[in-house]
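Happy to go through this one with you. Let's take the labels one at a time and set each against its cut-off.

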Amino acid sequence: MTSLLPTPLVTADDLADALAGPDGRRIVVLDVSMGASPADPHIPGALRFDLDGPMSDQTTGLPHSMPADDVFQDALRGLGITAGSHVVVTETDYLFAAARPWWMLRAMGIDDVSILDGGNPAWVAAGNPLVTEVTPPPEPGDVVVDPRPGLLVDEEHVERSLATGDTVVDARSRARFAGTAPEPRPGLRAGHMPGAVNLPYTELQRDGRLLPVADLTAAVDRTVGDAPIVASCGSGVTACVVALAAVMAGRDDVAVYDGSWSEWGRKGGPAVVTE
């Protein structure tokens, strides 16, 4: 089935036109605003994608872990996602978490997923409304996941990557990477993985929008060269912004470290360095 919208980014105008079009019912808008409730202002019809709740595995002891394949499939069906759906991810604080659902679905073999460029603020700036009425539960969907190995990786994979020449790209702030700022989650060591490089996710956007492709390409190439990329961050969320930038730059050799610093930085974990 033909994609309804551009991927991986879509404009507010294109989304509004598609929602009003004959196939608008195929669009599933997911709001991933962190800390929000279903009654917070959202695009009409949008459903909550709660990374602090059911959209992450709550059994690992790590924040924002990817759920098991069957659990995630059931969660997507509960959001009304079908084989013919086109998913659009948005949020209030662009661009922080919106790339995470996009990457999760991508890892599960689902390609018709777009991120709203500029998020909810761009939607409003284009003259569209937000509402506070809770979106009713949709009819269950029938989507079937088809996992793609290697898009979400674990600690062991990262250790091998560091030893074999792949580049771990850390999306945290430069101060956290250097170990000069404390980690926001208690109990984690400060610093970074030996051999990792730093590309803060905040430097990949400007004025609430992702940088142009030429700028993203320059940033990725300058940081990584031509080595395969493993993106990491605090908990696997903003690492997906780095993955998005790399994909926009034409890279197809990208993985995201699911546990990220919440796993690596634990006391007794693998080596940590500062600079």
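Q: Which residue in S5 is the bridge partner of Val88?
A: The bridge partner of Val88 is Ser114 in S5. Keep in mind that this is a predicted model, where local features need pLDDT of at least 70, side-chain atom pairs count only at pLDDT 80 or more, and totals for chains, interfaces and linings use all residues. Residues are numbered from 1 along each chain as its sequence is written, and side-chain values use heavy atoms, with hydrogens and water left out.

Q: What makes S4 and S5 a strand pair?
A: Two strands pair if DSSP finds at least two bridges between them. Three bridges join S4 to strand S5 (residues 113-116), and the two run parallel. Strands here are DSSP runs of E with at least two residues, helices are runs of H or I with at least four, and both are numbered from the N terminus.

Q: How does H3 lie relative to S5?
A: H3 packs on the sheet and touches S4 and S5, its direction making about 175° with that of S5. Contact means heavy atoms within 4.5 Å. The axes are lines fitted to C-alpha atoms, for helices over the stretch in contact, and angles run from 0 to 180 degrees between N-to-C directions.

Q: What is the strand order of the sheet that holds S4 and S5?
A: The order is S1-S5-S4-S2-S3, an open sheet of five strands with parallel pairing. Strand S1 (9-10) and S3 are the edge strands, since each pairs on one side only.

Q: How do you know that S2 pairs with S4 and with S3?
A: Five bridges link S2 to strand S4 (residues 86-90) in the parallel sense, with Val28 standing opposite Val87. S2 and S3 are joined by two bridges and also run parallel, and Leu30 has Leu47 as its bridge partner in S3.

Q: Why is strand S2 called largely enclosed?
A: Buried means under 20% relative accessible area, exposed over 50%, and partly exposed in between (1.4 Å probe, protein chains only). Five of the five residues of S2 (residues 27-31) are buried, so the strand is largely enclosed by the rest of the structure. Ile27, Val29 and Asp31 are buried on one side, Val28 and Leu30 on the other.

Q: Why does Cys233 count as buried?
A: Its relative accessibility is 2%, and therefore Cys233 counts as buried. Cys233 sits in the loop between strand S11 (229-232) and helix H8 (239-248). Beyond neighbours within four places in sequence, its contacts include Asp170, Arg172 and Trp261.

Q: What makes Arg172 a charge over the ring of Trp261?
A: The rule asks for NZ of Lys or CZ of Arg within 6 Å of the ring centre and within 35 degrees of the ring normal. Arg172 lies over the face of Trp261, at 4.3 Å from the ring centre.

Q: How many aromatic pairs does a search of the whole structure find?
A: The search finds three.

Q: Why is the pair of Phe49 and Phe72 called edge-to-face?
A: Rings of Phe, Tyr and Trp (its six-membered ring) pair if their centres lie within 6.5 Å; planes under 30 degrees apart count as stacked, over 60 as edge-to-face and the rest as tilted. For Phe49 and Phe72 the centres are 6.5 Å apart and the planes at 80°, so the pair is edge-to-face. Both Phe49 and Phe72 are buried.
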